[in-house]
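Work through the exercises below with the sequence and the structure in view. Try each task before reading its solution.

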Amino acid sequence: MYTSQPIITEANKYHVPALEKGLDILETLAHTSQPIALTELARRLDRSPSELFRLLAALEARGYVSKNANTGTYSLSLKLYELAHRHLPERNLLDAAAIPMEEFARRTNESCHLSVVQFGKMLVLKEVLTPGSLRLSVAVGVHYPALYTSSGRLFLAYQTPESLSALLASNADYQAMNTEQQHALLARLDTIRETGLSSAVNENHLGVQDAAVPIGNATIGIIAALA
């Protein structure tokens, strides 16, 4: 079963079972490349088919889920996509970034992508590909670990000391590091904060050098990373 592992706070510690089951369905369908049958969905969620049937019917009635009349399989509709693109903060950011990102890709012959933090991970909001014949693409909507990406470390570097301590205390990747590795990471974040640039060579893909810069104002908060 897919779970997004949101941060637990006073506001969301109260369980709403029916809502949580519905969200589990949507998240599982979002991470399934092909339409899925009720029995398979029930197996993945460790629920009974009868338990999910009414929830699926309600989601279908509200337009979030589509059911194939011939096969009886389920898939996501485009409603979540439409709702996401009506969200004003991200919409305004994407509108403002479109032309500068396209110009950057054209002038440098390099692809670029824009990311924000969500649930302690980097979420890719937009990418612009180089007009050249060789292109490196980063999928929009994908999450990446903050500690092992240039964009993620950039965000961590611009956190207040209190926020950074809280984020690292709940980060499984950081907790898995030994003391020497943790000190090395903190030193790296200090360098990023001083230079305003986060870069890495061959970290995730052989032959690729990543470089990320902050979008926003360090005194009031970084809102995105351009890599």
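**Exercise 1.** State how much space the second largest pocket of this predicted model holds, and find what lines it.

Solution. Step 1: the volume of the second largest pocket is about 780 Å³. Step 2: its lining is made by 35 residues, and those closest to the centre are His 113, Leu 136, Val 138, Val 208 and Asp 210. Step 3: look for elements that give two or more residues to this lining; they are strand 3 (112–118), strand 4 (121–128), strand 5 (143–145), helix 6 (150–157) and strand 7 (209–217). Step 4: strand 7 contributes the most to the lining, namely five residues.

**Exercise 2.** Decide whether Leu 23 is buried, partly exposed or exposed, and name the patch residues around this side chain.

Solution. Step 1: locate Leu 23 in helix 1, which covers residues 17–30. Step 2: the relative accessibility of Leu 23 is 39%. Step 3: buried requires under 20% and exposed over 50%, so Leu 23 counts as partly exposed.

**Exercise 3.** Describe the protein chain as a whole, from its secondary structure to its surface.

Solution. Step 1: count the elements, which gives nine helices and eight strands. Step 2: the chain has 227 residues, and 31% of them count as buried. Step 3: take the contacts between residues at least 6 apart in sequence; 46% of these join residues at least 24 apart. Step 4: the chain exposes about 14300 Å², of which carbon and sulfur atoms supply 56%.

How values were computed: Residues are numbered from 1 along each chain as its sequence is written. This is a predicted model: local features need pLDDT of at least 70, side-chain atom pairs count only at pLDDT 80 or more; totals for chains, interfaces and linings use all residues. Side-chain values use heavy atoms; hydrogens and water are left out. Helices (H or I, at least four residues) and strands (E, at least two) are DSSP runs, numbered from the N terminus. Buried means under 20% relative accessible area, exposed over 50%, partly exposed in between (1.4 Å probe, protein chains only). Contact means heavy atoms within 4.5 Å. Accessible areas come from the Shrake-Rupley method with a 1.4 Å probe; for residues, only the protein chains shown count as cover. On a 1 Å grid over the protein atoms alone, a cavity is a set of points where a 1.4 Å probe fits but cannot get out, and a pocket is an open set with protein on both sides within 12 Å along at least five of seven lines; lining residues have an atom within 4 Å of a point. Grid points are joined across faces, edges and corners, and a volume is the space filled by probe spheres set on the points.
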